[in-house]
Amino acid sequence: MSGFKMRMSVYIIIGAFFAAAHARAQGFDVDAAAASASPADRVEWHGYYEFEYWDIQDKNATFDAHKITIWLGAQLNDMARIVSEVEYEHLPRLPGDKAGGSGEIKIDSANLQLTPAEGYTGTFGAFYVPFGIEYYSYPGHKNKLVTRPKVMKSGGIIPGTWSDIGVDLSAALGPVGHLNAYYVNGDAYNGGISRDSSTGGNKGKTAGARLMLDTLVDGFNVGGSYASGKWDVDDKYTSTRWGAHLRADGDKISGVEIMPVLLAEYVTGKDEAASSAEGEDKEVSGYYVQLSSRILPAVELAARYGVYDNDKKKKDNEKSETSVGLVWHMLPYVQAKAEYQWNGEQGAEKENNAAVVQLVADW
């Protein structure tokens, strides 16, 4: 599909969405609805904090005040909602220190959500791009390990926690599942882009969709994702990703608490003319499989295995990760976690295995 046809399709879909919202608003007293609840009733906030101790081979062992994340949402009326998520990562560096924390403030989401009819929502602004499902379980209090799968974070396959600016339209598919369709500034090669401009950066857009069959059986989610858009400044080359995911909460499906939770995802794709082999397309792929089980009321065990290759044109470029960990629910809303990770590199001998312990608090 040409860029012009894609843009026209997006405009038509968004126009139809706003027409539906306008039709619903007829006869609806927005001011009265907003006044019917106090600000305290219409606003909610929550968040989490992560503190860690890392010991990686051939690196300095270190404490890390990893992040504090605050989520804020306000229900403006029965059709409109605004949400934001602000994150502060790592303490700032000391003067003259070239290592250590970055002291970054990140806004992962800031958007307006409009729901013209039950099951249909439009999200406008900054949001997590709906590709795969790993971002649902990456926060410390939801992640059963400390680290995240390298296929979905830091492995060069797809940007970890891909937050971007654009439009996402989601629809409930009756008793079957959910469908998302989105159009954003960034791309799967570069990640999120705050603003496209003619003076620099990426001028193209990425279109994508995700189908989740997640309402047929409680605790079971299977589906696929797709994203495609230009990645270079001149809008010549395309970045494309396909993904498949599976989540099976054995405890919910069986009613037996000790039954394991399975998470698995596979991602593949191509970035035209981006390989380290000059002029070649960069082909990427990877997967991970994770199992976790609550073996005691306050204790969970978890294990994950992943394989990924961020440039198949490079010789001996495949990498692997194997992690085992334990979660102790030591207090209400407070967890202690420990993980050991073995990292493997095809054709190379590296000393980069890692041990990490973490305290997580959420509210």
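User: Leaving aside neighbours within four places in sequence, which residues is Ala181 in contact with?

Analyst: Contact means heavy atoms within 4.5 Å. By that rule, Ala181 is in contact with Val167, Asp168, Leu169, Gly208 and Ala209. Ala181 and Val167 are 14 residues apart in sequence, and their C-alpha atoms are 8.4 Å apart. This is a predicted model, where local features need pLDDT of at least 70, side-chain atom pairs count only at pLDDT 80 or more, and totals for chains, interfaces and linings use all residues. Residues are numbered from 1 along each chain as its sequence is written, and side-chain values use heavy atoms, leaving out hydrogens and water.

User: Where does Ala181 lie, and why does it count as partly exposed?

Analyst: Buried means under 20% relative accessible area, exposed over 50%, and partly exposed in between (1.4 Å probe, protein chains only). Ala181 counts as partly exposed because its relative accessibility is 37%. Ala181 lies in strand E7; strands (E, at least two residues) are DSSP runs numbered from the N terminus.

User: Which residues touch the most other members of the largest nonpolar core?

Analyst: Such a core is a set of buried Ala, Val, Leu, Ile, Met, Phe, Trp, Tyr and Cys residues joined through side-chain atoms within 4.5 Å. Here they are Phe131 and Trp162, in a core of 19 residues. Strands E7 (177-184), E11 (261-271) and E12 (282-296) each supply at least two residues of this core. Another core, of five residues, lies apart from it and includes Val167 and Leu169.

Note on methods: Helices (H or I, at least four residues) and strands (E, at least two) are DSSP runs, numbered from the N terminus.
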